[in-house]
Protein chains: 2
Amino acid sequence: MTAPSPASIGSSSMPGPGERVAVLGAGVIGAGWAAFFALSGLDVRVYDIGVSAESSVMSTIERARPVMAALGLLSDRPTIPVVTSDLEHTVATAVHIQETIPENLEMKRRLYAEVESFAPSTSVIASSSSALKPSLLQAGMAHPGRFLVAHPCNPPYLMPVVEIVGGELTQPWAIESARRFYEALGKQTVVLRREVVGHLVNRLQAALWREAVHLVVEGVASVAEVDLAVTAGLGARWTVCGPHEIFHLSGGPQGMAAFLERLGPSVETWWDDLGHPRLDPATRQVLIDGMRESAAGRTVDEMALARDRKVVDVMAFLKRGIDQPGTR
Amino acid sequence: MTAPSPASIGSSSMPGPGERVAVLGAGVIGAGWAAFFALSGLDVRVYDIGVSAESSVMSTIERARPVMAALGLLSDRPTIPVVTSDLEHTVATAVHIQETIPENLEMKRRLYAEVESFAPSTSVIASSSSALKPSLLQAGMAHPGRFLVAHPCNPPYLMPVVEIVGGELTQPWAIESARRFYEALGKQTVVLRREVVGHLVNRLQAALWREAVHLVVEGVASVAEVDLAVTAGLGARWTVCGPHEIFHLSGGPQGMAAFLERLGPSVETWWDDLGHPRLDPATRQVLIDGMRESAAGRTVDEMALARDRKVVDVMAFLKRGIDQPGTR
């Protein structure tokens with residue numbers, strides 16, 4: 001196993017014009033990463049054997065351009081990714097390799113073996129996997145120390161958070177290099193200390209949705225009403241404070257300690273009453289019917305377009321606030 | 001039981017200048033409602049026997065004024081609430097009575113009995129309770145049909161959602177009257193179809209926090225990191241889409257049905273792996289220590305002030321977007 005010197009870590013973790021990045025796979029996430037890297041000014045090569053890979057990447061770039069402009073992340077010198085079915089050409093000189101192929105362990109392991117035969121041993125290989133643990137993915141690699149999971153929220157050119165998770169064999173320099181790489185591109189990283197299915201974001205989202213499903217299935221409220229409770233009741237605060245800080249601030253001067261003392265028992269009562277629905281056929285039908293009613297004739301495309309515009313607006317607004325904390 | 005005629009329902013549910021509203025209790029929630037109603041231009045009387053009630057209401061009004069101005073909710077003719085320890089004077093001519101005293105069943109029942117001896121039988125009595133079910137609260141009332149729970153998020157002058165819950169004896173006209181009352185003041189209401197502890201908002205919040213606690217206690221990430229996963233990964237989207245709609249939109253053209261087909265099994269795997277922490281002393285200490293580290297020397301007051309400013313900004317931004325859906 002070859003660990004690079006501190007000097008080479010420093011240089012490889014600071015992406016700049018001309019720095020080469022490889023993206024493996026041009027699906028939704030791969031095309032999203034490729035667009036993000038190219039519009040950040042990096043030299044991007046995308047490996048995909050599908051015939052529509054190039055058009056998918058190009059159309060994603062057009063969608064991503066106004067988004068990154070709104071977020072202040074569009075480079076003065078954006079690039080155009082090279083999309084190719086030549087893996088060696090894609091990874092041979094890449095400092096960072098972002099893998100985004102389907103969630104199939106054997107397929108990913110075979111790809112890594114090929115990648116390692118072409119890529120420098122000092123390049124970081126980051127899988128975008130949300131389902132597979134890095135220890136499983138890196139087992140059998142020639143240089144597993146440089147492998148990790150770096151999971152974006154979708155789309156990668158819009159959502160700021162990247163969850164970084166090392167496996168048993170991942171070396172600290174790789175984690176640090178990945179962290180600095182994403183942060184230099186404007187991302188906010190979270191380095192997990194342990195591998196867990198779903199990382200943080202998907203687990204938290206699943207926890208909220210489980211109760212949302214329960215409330216609908218039990219007939220307490222409709223799909224639209226439960227969604228409204230989140231958008232009008234919880235969302236705005238969660239852009240500013242996480243769940244721990246919210247309760248810390250509701251505890252008065254003594255914060256979390258006072259909150260736990262005063263309201264801990266109530267919270268446990270609520271926890272005990274939360275639901276444990278399963279996604280059986282009857283439940284699925286309730287959700288499908290409830291969502292149809294909530295959509296009120298709007299197609300998924302219409303709703304997604306409206307959603308994307310609004311989320312971009314909110315993200316751009318939040319980013320201005322974060323960048324200029326003293327302006328009000 | 002006296003049900004008002006449709007005409008009187010119509011007039012009593014449209015608050016306007018000179019309309020009298022009573023607030024019972026001048027704690028944090030009571031003072032917040034009083035400020036909201038007064039700055040909306042209603043004639044407000046507040047009942048509280050504490051010596052600091054009036055100063056509490058007045059200082060809350062000063063905090064609420066710029067918030068409601070930012071949200072476009074400040075009346076041209078705001079009023080000053082009358083704070084009094086005379087219950088009869090408070091409720092005798094009120095069309096809407098908002099109760100906010102501590103979460104003690106017997107105390108609330110005694111208060112309702114007194115209120116009913118003074119108030120018109122057509123005035124709606126709305127409890128702000130988050131812990132007690134309306135069927136329990138209304139048992140024993142002379143006119144239980146006009147009683148319901150109307151739970152705001154805190155502070156009531158900022159957060160738009162009001163959860164309305166009727167008990168077994170609540171009459172439809174009272175629900176409808178309350179709904180129209182709050183909506184005429186700019187609130188977004190959700191009428192629950194069944195009584196459940198914590199209503200919607202607190203249950204959903206508790207579900208998310210349970211997993212947030214689990215991830216910290218299990219050493220997957222720090223308090224600050226879990227909070228970041230929410231603020232940078234989930235919050236912005238949740239201001240625009242609720243949890244059901246998010247998955248509907250991730251399913252492609254077939255929406256929820258396709259999402260459930262493709263990702264339902266993964267979600268169930270995550271559900272099965274979610275934690276079930278308890279708030280025992282060791283867990284409390286982990287949360288207190290983690291929050292202290294996350295606060296990094298900032299006091300609760302400092303953090304709360306920064307939070308409030310940012311949340312107001314986000315809410316005002318979202319409100320502009322909602323009011324002008326075609327502007328971009």
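This is a predicted model: local features need pLDDT of at least 70, side-chain atom pairs count only at pLDDT 80 or more; totals for chains, interfaces and linings use all residues.

Reply: Glu99(A), Glu103(A) and Lys108(A) are linked in a network of salt bridges. Side chains of opposite charge can pair when their charged atoms come close. Over all chains, a search of the whole structure finds 34 salt bridges. One of them pairs Glu116(A) with Arg146(A), at 3.2 Å from N to O. This pair links distant parts of the chain, 30 residues apart. Glu116(A) sits in helix α5 (residues 105-118) of chain A, and Arg146(A) in the loop between α6 (134-138) and β6 (147-152) of chain A. Both Glu116(A) and Arg146(A) are buried.

Now to the two chains. Two copies of a chain are related by a rotation about an axis and a shift along it.

How much is involved? In chain A, 104 residues are in contact with 105 residues of chain B. The area buried between the chains is about 10,700 Å², and carbon and sulfur atoms give 69% of it. Three residues supply more than any other three: Trp209(A), His244(A) and Trp271(A) account for 8% of the area that chain A buries against chain B.

Polar links cross the contact too. Between chain A and chain B there are 30 residue pairs in polar contact, both residues being at pLDDT 80 or more. On the side of chain A that touches chain B, the elements giving two or more residues include β8 (188-192), α9 (223-233), α11 (243-249) and α14 (300-323) of chain A. Helix α8(A) gives the most, with 16 residues. By type, the residues on this side of chain A divide into 61 nonpolar, 22 polar and 21 charged.

Another salt bridge brings together the side chains of Glu218(B) and Arg194(A), at 3.5 Å from N to O. Glu218(B) lies in the loop between α8 (201-217) and α9 of chain B, and Arg194(A) in the loop between β8 and α8 of chain A, so the pair joins two chains. Glu218(B) is partly exposed, at 37% relative accessibility. Arg194(A) is partly exposed as well, with a relative accessible area of 36%.

A further salt bridge links Glu261(B) with Arg284(A), with 4.0 Å between the closest N and O atoms. Glu261(B) is in helix α12 (residues 255-273) of chain B and Arg284(A) is in helix α13 of chain A, so this pair also joins two chains. Glu261(B) counts as exposed, at 60% relative accessibility.

Finish with Asp227(B), in helix α9 (residues 223-233) of chain B. Asp227(B) counts as buried, because its relative accessibility is 4%. Leaving aside neighbours within four places in sequence, Asp227(B) is in contact with Gly242(A), Pro243(A), His244(A) and Glu245(A). Within chain B, Asp227(B) and Ser294(B) are 67 residues apart in sequence, and their C-alpha atoms are 9.2 Å apart in space.

Note on methods:
Residues are numbered from 1 along each chain as its sequence is written. Chains are lettered from A and ligands numbered from 1 in the order in which they are written. Side-chain values use heavy atoms; hydrogens and water are left out. Contact means heavy atoms within 4.5 Å. Buried area is the accessible area (1.4 Å probe) that two parts lose on being put together, summed over both. A polar contact is a pair of N or O atoms within 3.5 Å; within protein, one must be able to donate a hydrogen and the other to accept it, and residues adjacent in sequence count only if both atoms are side-chain atoms. Helices (H or I, at least four residues) and strands (E, at least two) are DSSP runs, numbered from the N terminus. Ala, Val, Leu, Ile, Met, Phe, Trp, Tyr, Cys and Pro count as nonpolar, Asp, Glu, Lys and Arg as charged, and the others, Gly among them, as polar. Buried means under 20% relative accessible area, exposed over 50%, partly exposed in between (1.4 Å probe, protein chains only).
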